[in-house]
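This report describes selected features of the structure shown below.

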Amino acid sequence: MDEFLTNLPVFREAIGTTFYIVGISVVVGGLLGLALGLVLYATRPGSLLASRAVFIVVNLLVNIVRPIPFVIFLLALQPVMLATIGTTIGADAVTFGLTLAAAFAVSRIVEQNLVAVEPGVIEAARAAGARPLSILFTVVVPEALGPVILGYTFIFVGVVDMSAQAGLVGGGGLGDYAVTYGSQRYNWPVVYLTVATIIVIVQAGQFLGNFLARRALRR
Amino acid sequence: MNPVSHVRLKNVSKTFTRGRDRSRVVALDDVSLEVAKGEVFGVIGHSGAGKSTLIRLINGLEAPTTGEVWVGDQQITALSEKDRRGVRRDIGMIFQQFNLFRSRTVAGNVAYPLKVAGVGRAERDRRVARLLDFVGLLDRAHDHPEQLSGGQKQRVGIARALANEPSLLLADEATSALDPKTTAEVLTLLGRVNKELGVTILLITHELDVIRTVADRVAVMESGRIAETGTVYDVFANPRSTVAADFVRDALRDRPSPEVLARLRRTHTGRLVTVAVRSRTGLAKTFLAYGVAADLVFGGVSELQERAVGSLTFELTGPDDGIDAALAALRADGVDVTEESD
């Protein structure tokens, strides 16, 4: 415990790094994923802006990336990282990889929940003379908002989970801290304290997600 | 009736290809019909008869495989999708499952078509209030659809459909999800939409009651074809197609089914004759004149467009030649008489 107290600044920094990685990945990845999900939904056969070519390409891309385990994805991305952010290690590298991984996961969540919107509602909007793009943003997205928020919450938990692997490329964060300062030194209280911190973060995210979804669903 | 046509279908066919084997399903087969401006036109048919496809052709939600669809002087089938959107704003539509936006309030639902049409906020609020007042839901403006009953939901649907002051309203099985009492309320409201606002209504349904409550004219559909068209009274008082006759019998239950007939036979030994009741038939006097005793054993009489319709089944006893002469006299007067054979 004494050792933990001396290392408190490191612990605080680890929390900060986790927030940095998770925060950017969820926000930027979430937006990218939303865009990708909208494209998947809107271009699928019979949908608002059906386009076979676009759908096949994007669908294939998502299917290729999604099953890759995050650790391998992170390593495979290294040439791309070098070309774009100029580094393959550290928190930024992890954030880059996690943002992309989150985007692809979010795209499916968004697509699934939009597909579940009652076709009759879309027909009512079409009958009112609305344009496809306007239907997408003023009808389909608002109608699916509750489940989409819950989907995002699910992704948030996954992102926190994946962020623990950041230590692999020197990304820091809570997962890295639990390994270097905890298990490798047989300092179990540190491990459990880190686990507890992650649980609190996940619970807080889940609580916020549930709250927002409840408001959107008015339940 | 105003002779100007509002909706016109000319030899319209629609074929869907379905599933992996690309099998073809004919939804509409050479359908032609005309709806006059200001009338309530009903299309009745069993499910799968092609009614839903038919109604969706009119606002261009579906395109016909062949044939022409006209609304006013616009040929829907010849328009670009952009121009079709413009036409849709002048056509309201209501649905069996109401299709209200759950993410919007009652007022928000009614305001939606106005937003689409680019109506400004002040004008929008004014019109929404007027529409909700018209359908009797002004006090529910800020509620969400799930807080309403089915009938109230459909009234919101009607208000939304009327938002852009359309001249034509399409009703797709608008009362099929409602109980009889609520159905009557919604039909009364549709009657007001037609009479007070002068909106032409085209409604599709599988319930004869809906047709006889609000429609002026009717088309009876079966297997993608129109079996017959005419005024509601003409079609259902003298159905020429089996499908129309079936609808009337199911609704009025005025003619004995084979099972009922068999049961009647066991207890009644005289000749069984079913007479169609329309206007005055002079039945009693005729039977009396030929010395025939007529015992009423089955039947039902109702009203269609304020005229009697139905039939009565009698057991006739007396001299055979008297009965024959009485029936001949009735037939000579134009009364529809059927002798029930076994």
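Predicted model: local features only at pLDDT ≥ 70, side-chain atom pairs only at ≥ 80, totals over all residues.

Lys51(B) belongs to helix 1 (residues 51–58) of chain B, whereas Glu173(B) sits in the loop between strand 7 (168–172) and helix 6 (180–197) of chain B, so the pair ties together parts that are 122 residues apart in sequence.

Both partners fall under the 20% limit for a buried residue: the relative accessible area is 5% for Lys51(B) and 7% for Glu173(B). Glu173(B) also has a positive phi, of about 50°, although it is not a glycine.

## Further salt bridges within chain B

A salt bridge also joins Arg255(B) to Asp336(B), with 3.9 Å between the closest N and O atoms. Arg255(B) lies in the loop between helix 9 (242–252) and helix 10 (258–267) of chain B, and Asp336(B) in the loop between helix 12 (320–332) and strand 14 (337–339) of chain B; the pair therefore ties together parts that are 81 residues apart in sequence. Arg255(B) is partly exposed, at 25% relative accessibility, and Asp336(B) is likewise partly exposed, at 39%.

In another salt bridge, the closest N and O atoms of Asp320(B) and Arg271(B) are 2.9 Å apart. Asp320(B) is in helix 12 of chain B and Arg271(B) is in strand 11 (residues 271–277) of chain B; the pair links distant parts of the chain, 49 residues apart. Through shared partners, salt bridges join Arg271(B), Asp320(B), Asp324(B) and Glu339(B) into one network. Over all chains, the structure holds 26 salt bridges.

## Strand 9 of chain B and its partners

Strand 9 (residues 217–222) of chain B is mostly covered, with five of its six residues buried. Strand 9 of chain B pairs with strand 3 (residues 40–45) of chain B in the parallel sense, over five bridges. In this pairing, Val220(B) of strand 9 of chain B stands opposite Ile44(B).

Strand 9 of chain B also pairs with strand 10 (residues 225–231) of chain B, here in the antiparallel sense and over six bridges. The bridge partner of Val220(B) in strand 10 of chain B is Glu228(B). The hairpin of strand 9 and strand 10 of chain B has two residues between the strands, and Ser223(B) takes a positive phi near 50° in this hairpin.

## The surroundings of Glu228(B)

Glu228(B), in strand 10 of chain B, is a buried residue with a relative accessible area of 4%. A polar atom of the side chain of Glu228(B) lies 2.9 Å from the backbone nitrogen of Arg240(B).

Leaving aside neighbours within four places in sequence, Glu228(B) is in contact with several residues, including Val218(B), Ala219(B) and Val220(B). Among the other contacts of Glu228(B) are Val235(B), Asn238(B), Pro239(B), Arg240(B), Ser241(B) and Ala244(B).

## Positive phi at Asp30(B)

Most residues other than glycine have a negative phi. Asp30(B) has a positive phi of about 50° although it is not a glycine. Asp30(B) lies in strand 2 (residues 23–36) of chain B and counts as partly exposed, at 40% relative accessibility.

## The contact between chain A and chain B

The contact takes 21 residues from chain A and 22 residues from chain B. Between them, the two chains bury about 1,800 Å², of which 48% is on carbon and sulfur atoms.

Two salt bridges are counted between chain A and chain B. In a salt bridge between Arg56(B) and Glu123(A), the closest N and O atoms are 2.5 Å apart. Ten residue pairs are in polar contact between chain A and chain B, both residues being at pLDDT 80 or more. On the side of chain A that touches chain B, the elements that give two or more residues are helix 7 (119–127) and helix 8 (132–163) of chain A. The residues of this side of chain A divide into eleven nonpolar, four polar and six charged.

Methods:
Residues numbered from 1 in each chain as written. Chains lettered and ligands numbered in written order. Heavy atoms only, no water. Contact = heavy atoms within 4.5 Å. Buried area = accessible area lost by both parts, 1.4 Å probe. Salt bridge = Lys/Arg side-chain N within 4 Å of Asp/Glu carboxyl O. Polar contact = N/O pair within 3.5 Å; in protein donor to acceptor, adjacent residues only side chain to side chain. Helix = DSSP H or I, 4+ residues; strand = E, 2+ residues; numbered from the N terminus. Nonpolar A, V, L, I, M, F, W, Y, C, P; charged D, E, K, R; others polar. Buried < 20%, exposed > 50% of the residue type's maximum accessible area, 1.4 Å probe, protein only. Pairing = 2+ DSSP bridges.
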